[in-house]
Amino acid sequence: MVVRTVETISSDELSRLLQEIRETYGYDFTQYAEASIKRRSLYFMNTHKLHTVQQLREALLNDEAVFEDFVRNVLVTVTEMFRDPLFYLCLRSRVMRRLATYPFIKVWVAGCATGEEVYSIAILLKEEGLLNRSIIYATDINQHSLHQAKEGIFPMDLMKAYTVNYQKSGGQKDFSSYYVAQHNAALFDRSLRNNIVFAPHNLASDQSFNEFQLILCRNVLIYFNQSLQNKVVNLFYDSLCMFGVLGLGNKESLLFTEKANHFEAIDAKQKVFLKTS
Ligand SMILES: C[S@@+](CC[C@H](N)C(=O)[O-])C[C@H]1O[C@@H](n2cnc3c(N)ncnc32)[C@H](O)[C@@H]1O
């Protein structure tokens, strides 16, 4: 008998499953964007040969290793160095001089995945002569990604694309001066890490932990529903100093959040905002 995997999961089935996951493991995906989590769950069922929602439920709730695999599949880790170069160009030309006015600069990269964005901002701060008086907190819910981020080792075959991104972002140096090639890997300059603290932080449930001049949270809010987006923007608002800067991903926005009127766009297209009240 050929058993085919279901092609849809109903909203009720999904919501029950996410609540059971929360009760069993403490991971709260109940406020993630429904369409995205359904798509990821169906993909997971297909790759794990789980044909019904009940089979998915049993596999996730009875086997922690399967659940961890599911978490990795739900938490999309796609990232790049100098991703969306014009965003970084905007940081270089319009945000760095603002940061330079502070004696000590605190940056939070929330949802940093495997760290490419963190090393990019560290390079930018270094080129502006600001890195040695900065501290960058790089956080993510995914410990596995954080571990990779800490290593600062990225595939060598991506360096060509990252060099192009770096140059488009206004970078003037030889990008290869920031890493050492070892076999197929690029080992990033250890000194870039001196001012970076990597730590787990769950945007859905954890609190603010400092006051920052710059927060980057790019391509994370898109995975959350409107209510969680609102909660996380409130968290960023509370974590920014007055006239602190918030950078979001290019598909993300402050519209429909309670704090929308407390920010002004430094560059609306690049999603760079200033906290003004
Ligand atoms: C697509 S990646 C974005 C990486 C990077 N910010 C960028 O723009 O290239 C999304 C990241 O958000 C993280 N994430 C998802 N839910 C989270 C949560 N509740 N708290 C913290 N990070 C979360 C995922 O683990 C993943 O690393």
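A pocket here is an open set of grid points with protein on both sides within 12 Å along at least five of seven lines, and a molecule sits in a pocket if more than half of its atoms lie within 2 Å of its grid points. By that test, the ligand sits in the largest pocket. Keep in mind that this is a predicted model.

**Around the ligand**
- The ligand is surrounded by 21 residues.
- Y32, T79, R83, E117 and D140 are the closest of these residues.
- Sorted by class, this shell contains 11 nonpolar, 6 polar and 4 charged residues.

- T79 places a polar side-chain atom 2.5 Å from an oxygen atom of the ligand.
- E117 has a polar side-chain atom 2.8 Å from a nitrogen atom of the ligand.
- For N202, a polar side-chain atom is found 2.9 Å from a nitrogen atom of the ligand.
- On its own the ligand has 600 Å² of accessible area, and the protein covers 98% of that area.

**A cavity to look for**
- The structure has 1 cavity of 30 Å³ or more.
- The volume of the largest cavity is about 30 Å³.
- Which residues line the largest cavity? They are Y32, A33, S36, I37, V74 and Y223.
- This lining is made up of 5 nonpolar residues and 1 polar residue, with no charged residues.

Technical notes:
Residues are numbered from 1 along each chain as its sequence is written. This is a predicted model: local features need pLDDT of at least 70, side-chain atom pairs count only at pLDDT 80 or more; totals for chains, interfaces and linings use all residues. Side-chain values use heavy atoms; hydrogens and water are left out. A residue is near a molecule or strand if one of its heavy atoms lies within 4 Å of it. A polar contact is a pair of N or O atoms within 3.5 Å; within protein, one must be able to donate a hydrogen and the other to accept it, and residues adjacent in sequence count only if both atoms are side-chain atoms. Accessible areas come from the Shrake-Rupley method with a 1.4 Å probe; for residues, only the protein chains shown count as cover. On a 1 Å grid over the protein atoms alone, a cavity is a set of points where a 1.4 Å probe fits but cannot get out, and a pocket is an open set with protein on both sides within 12 Å along at least five of seven lines; lining residues have an atom within 4 Å of a point. Ala, Val, Leu, Ile, Met, Phe, Trp, Tyr, Cys and Pro count as nonpolar, Asp, Glu, Lys and Arg as charged, and the others, Gly among them, as polar. Grid points are joined across faces, edges and corners, and a volume is the space filled by probe spheres set on the points.
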